[in-house]
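Reader: I am new to this structure and would like to learn how to read it. Could you show it to me, and then take my questions one at a time?

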Amino acid sequence: MIKAVIIDDIAEARTVLKKDLNNYCQEIEVIGEAESVVSGAKLLKELKPDLLFLDIQMPDGSGFDLLDIVTDQNFKLIFTTAS
């Protein structure tokens, strides 16, 4: 099982992504969600996922800002965005 975290400030985007993963990628388990750079950094340090779905623009910074904060993690990264 691949452990994944979703970090996106839009709740509906997180919900849709979780639903799609459940329907089409059952080997991926979403173990946590966050809605900002700060809460996302804390969650990543705590859960240490295999895979991160990361939004680019959030109210308190960007996904790139989060990656600058969390430098010691070993996860695969997929950027996501809602338009």
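Reader: Does E33 count as buried, partly exposed or exposed, and at what relative accessibility?

Author: Happy to start there. This is a predicted model, in which local features need pLDDT of at least 70 and side-chain atom pairs count only at pLDDT 80 or more, while totals for chains, interfaces and linings use all residues. Residues are numbered from 1 along each chain as its sequence is written, and side-chain values use heavy atoms, with hydrogens and water left out. Buried means under 20% relative accessible area, exposed means over 50%, and partly exposed is in between (1.4 Å probe, protein chains only). E33 has 34% relative accessibility and therefore counts as partly exposed.

Reader: How many salt bridges are there?

Author: A salt bridge is a side-chain nitrogen of Lys or Arg within 4 Å of a carboxyl oxygen of Asp or Glu. By this rule there are two. In one of them, the side chains of R14 and E33 meet at 2.9 Å, N to O. R14 lies in helix α1 and E33 in strand β2, so this pair ties together parts 19 residues apart in sequence. K18 and E33 also meet through their side chains, at 2.5 Å, N to O. K18 belongs to helix α1 and E33 to strand β2, so this pair joins parts 15 residues apart in sequence. Within it, R14 is buried at 10% relative accessible area, whereas K18 is partly exposed at 31%.

Reader: Which residues of α1 are buried?

Author: Helices (H or I, at least four residues) and strands (E, at least two) are DSSP runs, numbered from the N terminus. In α1, the buried residues are R14, L17 and L21. They cover an arc of only 65° around the axis, which puts them on the same side of α1; the arc is that of the directions from the helix axis to the C-beta atoms. The face turned away from this buried side carries the exposed residues E12, K19 and N22.

Reader: What covers the buried residues of α1?

Author: The cover includes β1 (2-7), β2 (28-34), β3 (51-55) and β6 (76-80).

Reader: And T80, where is its place?

Author: T80 sits in strand β6 and is buried, with a relative accessible area of 19%. Contact means heavy atoms within 4.5 Å. Leaving aside neighbours within four places in sequence, T80 has contacts that include L17, D8 and F53.
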